[in-house]
Amino acid sequence: MYYYQLSILGSPLELFTYESNVSLERGRKVLVEFHHRKKSAVVLDSCEKPLFDTSDILEIYDEIYSQKQLKLAQFIASYYICSLGDALALMMPFYENVVTVKSSHAITSIELSNKQTEALLFLQEQQTSLLFGDTGSGKTEIYMKYFEQMLSQDKRSIFLMPEISLTPQMGLRLEKHFGSLVVMWHSKLTPKQKKLALEKIHSGEAKIIAGPRSALFLPINDLGLIVVDEEHDDSYKSSSRPRYNARDIAIYMGKLYDVPVVLGSATPSLGSYEKFPHIRLKGGHFESSKTYEYEKSPEALTPLIVNHLERIVKLKEQAIVFLPTRANFKYLVCGDCGHMYECSFCSVGMSLHTKTNALKCHYCNFSQAVPQVCSECHSKNLTSSRLGTAEAVKNIVEELPNARVEQFDRDVITTASKLKKALKRFNEKETDILVGTQMLSKGHDYHGVTLAVVLGMDNILNSSDYRSREKALASLIQVAGRSGRLSDARVVVQTFNEEFFQSYLGNYELFLEDEKSLRVGLYPPYKKLCRILFSDKNGAKARDAMQLMQDKLQQIKNIEIVGFGKCSIEKVANKWRFEILLRGDKSTDLIKAVMASRVPLAEIDMDPIEFG
């Protein structure tokens with residue numbers, strides 16, 4: 001009989017010992033009984049017969065995790081302070097006994113300009129590098145040329161994009177050039193599509209694997225290149241355990257697999273700009289120009305904006321309208337007593353969705369019918385604050401009944417198919433005005449936009465986040481970059497902070513250089529942060545856990561407790577939440593401190609990007 005230490009996939013617990021009557025290698029995927037349920041697990045090490053009774057391994061799969069996958073999982077578990085089972089659950093194992101196929105596709109070589117060729121040569125000389133290129137400067141052509149070179153060496157490439165909303169257009173572009181050598185991978189694929197994609201990946205037919213975070217963890221042999229497009233995007237950071245950042249994992253994988261990593265963005269994060277060698281691509285292929293117009297106004301569809309939209313519709317041109325919020329309004333408030341409608345399970349305001357006549361919580365999805373009178377004082381004077389996408393669409397249609405207006409956010413675009421159709425309608429000029437949230441700014445190629453309206457910039461700029469200036473400026477540049485591709489365009493920005501945006505709009509490097517002075521000694525990339533969350537249905541239990549860990553942390557040198565207490569959103573999904581924010585010079589100092597003081601309720605968020 002053989003004895004093995006196994007990691008249970010997806011379990012927050014550490015290793016367990018099982019027995020088998022056959023010899024198994026490290027990385028083998030198996031089936032076991034765990035807490036009276038059948039669970040998949042991974043063999044990590046053989047061991048001596050323990051003093052306690054052990055259960056049998058029930059089934060041995062013909063799937064195995066490579067040694068590099070195991071090493072990557074160990075890095076994720078140690079850096080992001082989670083179990084090995086959580087880290088391994090991110091990854092897809094290799095199939096055994098797969099017949100590999102030689103794939104071929106006639107490829108016309110991409111022609112690069114002198115500037116693009118210079119940029120590519122620079123990227124090829126670096127282990128990790130940043131392609132800092134303006135919108136429309138030809139970053140994608142450089143990536144594709146690099147992919148071509150990998151193909152000529154019979155190597156494969158991973159092309160990461162921040163989220164699913166980018167995959168349809170980029171997929172078409174890649175497939176047009178590389179044909180069947182491309183596989184798009186994301187969570188919205190049907191089971192049949194996933195099966196076909198995995199078959200192509202396992203057989204080696206797929207040479208370019210493109211998609212959001214999960215594409216990084218597929219079973220890929222002969223890896224030659226990793227490209228992380230829109231590297232600044234927060235979507236690369238997972239909001240659930242393990243709270244990893246796919247951009248940072250890609251950089252680690254580059255070293256582990258000894259392959260180059262290219263980070264690309266028109267608005268790179270200060271961290272990447274500071275840490276890695278970069279090459280700057282200025283200007284674009286578009287000869288058109290943009291005119292910026294600022295309006296000092298709270299978030300609203302003002303007469304100025306309506307007039308601009310009316311002009312666009314009359315000229316049979318197209319416009320995009322950006323808002324930071326979904327739904328109709330962020331909050332429903334009584335105009336007489338000030339009572340705000342909060343979620344029953346989370347301490348946040350409920351968003352108003354007029355289409356379904358419901359108030360909905362965007363944290364736990366709890367919804368209720370829209371009340372007719374205030375539940376506190378019975379007044380009918382219920383008002384809403386902060387404009388949302390659905391309300392903006394309704395207002396525009398009321399003002400411009402002949403305009404063809406479409407909502408473009410996660411409330412409406414729920415599948416890959418709906419996304420493709422919405423973009424197709426817009427690019428074929430069946431839609432005049434597209435109204436949406438961050439999804440609008442995510443690198444989509446809108447051909448004929450001559451007006452971009454940007455609302456809510458001050459809400460981003462004034463948020464309680466050390467990156468608020470970076471996020472606001474990057475959002476404006478990214479949205480503005482969707483306009484003026486074929487002809488001159490106007491960008492209308494609603495803000496009371498015109499001076500800030502005007503100072504940096506044409507010079508993002510100047511912003512990054514100025515931002516350094518505000519962060520040195522306080523924030524990343526010069527300091528490391530770690531956020532520790534405690535949540536429980538019993539608020540006292542969560543608070544006591546925080547207090548206990550805080551007491552332990554106070555005894556440790558080399559780290560600083562920046563703050564502690566209730567989370568700004570105190571309750572989510574009926575659980576009370578508390579937090580501790582730590583700061584240190586090195587990640588290792590924070591990791592050691594957390595490991596030495598950790599209590600059972602603590603959930604660790606290394607390098608946090610959410611503070612709300």
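Which residue is the bridge partner of Cys 530 in E28? Hi everyone, the partner is Leu 582, and I'll come back to that pair.

First, some housekeeping. This is a predicted model, where local features need pLDDT of at least 70 and side-chain atom pairs count only at pLDDT 80 or more, while totals for chains, interfaces and linings use all residues. Residues are numbered from 1 along each chain as its sequence is written, and side-chain values use heavy atoms, with hydrogens and water left out. Helices (H or I, at least four residues) and strands (E, at least two) are DSSP runs, numbered from the N terminus.

Now the sheet. Four strands make an open, antiparallel sheet in the order E27-E28-E26-E29; two strands pair if DSSP finds at least two bridges between them. E27 (559-572) and E29 (602-606) are at the edges with a single partner strand each, so one side of each has no neighbour in the sheet. On average, neighbouring strands are turned by 20 degrees against each other, direction ignored.

Contact here means heavy atoms within 4.5 Å. Helix H17 (residues 587-597) lies across those strands too, at about 25 degrees to E26. For such angles, axes are lines fitted to C-alpha atoms, for helices over the stretch in contact, and values run from 0 to 180 degrees between N-to-C directions.

Thanks, friends!
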